[in-house]
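Hi there,

Here is the structure I promised to pass on. Have a look at it first, and my notes follow below.

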Amino acid sequence: MMDYDKLLSRRAVAIKPSGIRKFFDIAAEMEGVISLGVGEPDFKTPWSIRHAGAESLEKGRTWYTANAGLMPLRCEIANYLARRFSLQYDPKSEILVTVGGSEGIDICIRALINPGDEILLPEPCFVAYSPMGELADAKVVPIPTRAKDGFRLTAEQLRAAITPRTKLLVLPFPNNPTGAVMRREHLEEIAQVLRGTDIMVLSDEIYAEMTFGQKRHVSIAEIDGMKERTVVINGFSKTYAMTGWRLGYAAGPAPVIAQMTKIHQFAIMCAPTTSQYAAVEALKNCDDEIESMTVQYDMRRRLLVDSLNQMGLSCFSPEGAFYVFPSIQSTGLTSAQFCEQLLYAQKVAVVPGDAFGQSGEGFVRISYSYSVDHLLEALRRIQAFLDAQKK
């Protein structure tokens, strides 16, 4: 009889499962559930991208690519970053194509971290950063962000968190789950703290194209002195509605990308070939598709923020991504209680805020990557749930 308790990695066993999964496992067994929890665009991948992928299969382009990705794709990534965000990277040595943005995050952490190094992590944030840091034997140090600051990381918070062991700062903006955005003036303040240190930055910009208002997304790599210490993670899942294609990329200093490529080489070999050919088409010809989807997201964003505030659920107005993060403290329920009771009472699935870090307690995450009809019905049910709570 095998004793798996002794055989399994202690680090792996110690990692808690995603706090998101509990509610969706329950919801999967219920009929008539409206889910507002998954961060996945409801749009189909644009036709020209699908056609390019299909054409690559028809022509038999099914071999491995270079470990770092197809050179035409890396060139188009470089062109895209220069065109949309004023970032200049050498496609030969400073860009790596990965299996989704998540692989890029993982191998960036593994390429930089030695046991005991500290990773500074503004929370609430995407659920994967902390486990990936723990698997790399890092000490993950959460920095709670606050609604009164627009859920942004402040220079004062960063300065207070830095120790001699600090190796890496994760900048998860535009933010999942809050929708917070760091504008240029905020990034300048963060850069001022980092200059003169040996601290690297992992800037997760997967939602870079989903910013609202007149100001476009700014990468910290654009700020003077920051490119040399920043690895930018981005991808195709959100921007081009390509979640199932599993394709992302990392752009950063050549010595760091070289080590990331080596890990990628042994763990993965290369990203999916068909997806890479499709991504070339996305980058070359689909800027208009980005704009069209962003207009739809903005309309849904305003609908949700206005409706939730009218219900009495105070809702910060997000400036990016496709999530709202309303406070449910007025109900007297914890985040988990609110989500569970809403699910059973009205068959609406949302995500408890504490799934994204303890500072998310008292909030829930609602995704608006769904149709307006879907959102309107969900809002009707949430209102009915709140009305019943008052009786």
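Arg84 is buried in this predicted model, because its relative accessibility is 15% and the cut-off for buried is under 20%. Its side chain forms a salt bridge with Glu291, with the closest N and O atoms 2.9 Å apart. That pair links distant parts of the chain: Arg84 sits in helix H5 and Glu291 in helix H12, 207 residues apart. Glu291 itself counts as partly exposed, at 37% relative accessibility.

Arg83 and Asp287 meet through their side chains at 3.0 Å, N to O. Here too distant parts of the chain are linked, with Arg83 in helix H5 (residues 71–85) and Asp287 in helix H12, 204 residues apart. Arg83 is partly exposed, at 40% relative accessibility. Both pairs belong to a network of salt bridges that also takes in Glu209 and Arg216. The total for the model comes to 20 salt bridges.

An α-helix has 3.6 residues a turn, so residues three or four places apart point the same way. Glu377 is partly exposed at 26%, and so is Arg380 at 47%.

Some charges gather on the surface instead: Glu156, Glu188, Glu189 and Asp224 form a patch of negative charge there. Asp224 lies in the loop between strands S6 (200–204) and S7 (230–235), and counts as exposed at 63% relative accessibility.

The backbone has a few spots to look at as well:

- The Glu123 to Pro124 peptide bond is cis, with omega near 0°; Pro124 is in the loop between strand S3 (118–123) and helix H7 (129–135).
- The Phe173 to Pro174 bond is also cis, with omega near -5°, and Pro174 lies in the loop between strand S5 (166–171) and helix H9 (184–194).
- Arg246 has a positive phi near 55° without being a glycine, and is partly exposed at 32%.
- Ala321, not a glycine either, has a positive phi of about 60°; this residue is buried, with a relative accessible area of 0%.

Lastly, helix H6 (residues 100–112) reaches 19 Å from its first C-alpha to its last, close to the expected 18 Å. Its buried residues include Glu103, Ile105 and Cys108.

Best wishes

Terms used. Residues numbered from 1 in each chain as written. Predicted model: local features only at pLDDT ≥ 70, side-chain atom pairs only at ≥ 80, totals over all residues. Heavy atoms only, no water. Helix = DSSP H or I, 4+ residues; strand = E, 2+ residues; numbered from the N terminus. Expected span 1.5 Å × (residues − 1). Buried < 20%, exposed > 50% of the residue type's maximum accessible area, 1.4 Å probe, protein only. Patch = residues over 30% accessible without salt bridge, like charges linked within 9 Å, V, L, I, M, F, W, Y side chains within 5 Å. Areas by Shrake-Rupley, 256 points an atom, 1.4 Å probe, with all protein chains shown as cover. Salt bridge = Lys/Arg side-chain N within 4 Å of Asp/Glu carboxyl O. Lys, Arg positive; Asp, Glu negative; His and termini not counted. Charge placed at Lys NZ, Arg CZ, Asp CG, Glu CD.
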